[in-house]
Amino acid sequence: MNIAVIGSYPEQGTIHSPSIVGGASYTKQLVQSMRTEAPDMTITVFGEQLTTETTDYVEQGVSVKRIWKRNSVASITKLVRELLVLNPDRILFSFEAYMFGSMGVTTYALLLLLWLKVAKG
């Protein structure tokens with residue numbers, strides 16, 4: 001099974017980080033539990049871009065792609081394109097209010113993700 005996870009995610013090698021919201025540690029611990037329970041599951045995390053560079057890495061068997069930025073409509077569009085390419089069996093959306101930034105960008109992200117769900121069937 002191929003799972004995509006969208007959410008805030010702490011820096012590589014950490015569980016908690018003062019520079020990112022609290023839900024990030026929850027998401028990471030959830031992903032680690034999923035990995036432990038189903039080691040053959042493919043998990044890709046689409047996390048917030050924490051630096052100016054896009055960073056992709058594998059940590060404990062989980063692929064992490066840091067592609068979206070707060071208050072960036074373009075990065076949300078890129079996120080949806082990446083999901084279409086990956087074509088996961090399931091998408092886990094670890095949502096926090098305003099995690100994508102302003103109300104406008106958050107609304108745009110939610111509408112695109114809703115469209116993706118409807119389009120995928």
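1. A residue is called buried under 20% relative accessible area, exposed over 50% and partly exposed in between (1.4 Å probe, protein chains only). The model is predicted: local features need pLDDT of at least 70, side-chain atom pairs count only at pLDDT 80 or more, and totals for chains, interfaces and linings use all residues. Residues are numbered from 1 along each chain as its sequence is written, and side-chain values use heavy atoms, with hydrogens and water left out.

2. Strand S1 (residues 2-7) is largely enclosed by the rest of the structure, because six of its six residues are buried. Strands (E, at least two residues) and helices (H or I, at least four) are DSSP runs numbered from the N terminus. Asn2, Ala4 and Ile6 point one way from S1, Ile3, Val5 and Gly7 the other way, and all are buried.

3. Strands pair if DSSP finds at least two bridges between them. S1 pairs in the parallel sense with strand S2 (residues 42-48) over five bridges, and valine 5 stands opposite valine 45 in S2. S1 and S5 also run parallel, joined by five bridges; here alanine 4 stands opposite isoleucine 91.

4. Rings of Phe, Tyr and Trp (its six-membered ring) pair if their centres lie within 6.5 Å; planes under 30 degrees apart count as stacked, over 60 as edge-to-face and the rest as tilted. The whole structure holds two aromatic pairs. Tryptophan 68 and phenylalanine 100 are edge-to-face, at 4.7 Å centre to centre and 65° between the planes.

5. Phenylalanine 100 is buried at 0% relative accessibility. The rings of phenylalanine 93 and phenylalanine 100 are stacked, because their centres are 6.2 Å apart and their planes at 25°.
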